[in-house]
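Subject: Structure for you to look at

Hello,

Here is the structure I said I would pass on. Please open it first, then read my notes below.

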Amino acid sequence: IRAANCGVSIEQNDTDSLANIIRSYYADSERIRKEGANGRQYFEDHYTLEKSAMDYYNILKNISTECY
């Protein structure tokens, strides 16, 4: 969440902070839009099928290089 700048996190059972966060989002639709877009971009950059396949390929390539 921090790396992507796509939201906030709170401690478990911290209901006061949760209520405050909900209020702040309710009052700021631009923040919701921006953080949503940030989250989507981060996901596309790090967790798409193509990215995962390339990461896996590189791992296997490195392993095969180390074995020979």
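Glutamate 30 has a relative accessible area of 44%, so it counts as partly exposed. Keep in mind that this is a predicted model.

Glutamate 30 has a partner: its side chain forms a salt bridge with arginine 33, with 2.6 Å between the closest N and O atoms. The two residues are about one helical turn apart, because they lie three residues from each other in helix α2 (residues 29–46).

Helix α2 also holds arginine 40 and glutamate 44, which are four residues apart and therefore separated by about one helical turn. Their side chains meet in a salt bridge, at 2.6 Å from N to O. Arginine 40 is exposed at 54% relative accessible area, since the cut-off for exposed is over 50%. Glutamate 44 is partly exposed, at 34%.

In helix α3, lysine 51 and aspartate 55 are four residues apart, so about one helical turn separates them. A salt bridge joins their side chains, at 2.8 Å from N to O. Lysine 51 is partly exposed, with 31% relative accessibility, and aspartate 55 is partly exposed with a relative accessible area of 31%. The count of salt bridges comes to four; the ones described here are among them.

Tyr56, Ile59, Leu60 and Ile63 make it, and its area is about 410 Å². Leucine 60 sits in helix α3, which covers residues 49–67, and is partly exposed at 43% relative accessible area.

Regards

Note on methods: Residues are numbered from 1 along each chain as its sequence is written. This is a predicted model: local features need pLDDT of at least 70, side-chain atom pairs count only at pLDDT 80 or more; totals for chains, interfaces and linings use all residues. Side-chain values use heavy atoms; hydrogens and water are left out. Patches are made of residues with over 30% relative accessible area and no salt bridge: like charges are joined within 9 Å, nonpolar side chains (Val, Leu, Ile, Met, Phe, Trp, Tyr) within 5 Å. Accessible areas come from the Shrake-Rupley method with a 1.4 Å probe; for residues, only the protein chains shown count as cover. Buried means under 20% relative accessible area, exposed over 50%, partly exposed in between (1.4 Å probe, protein chains only).
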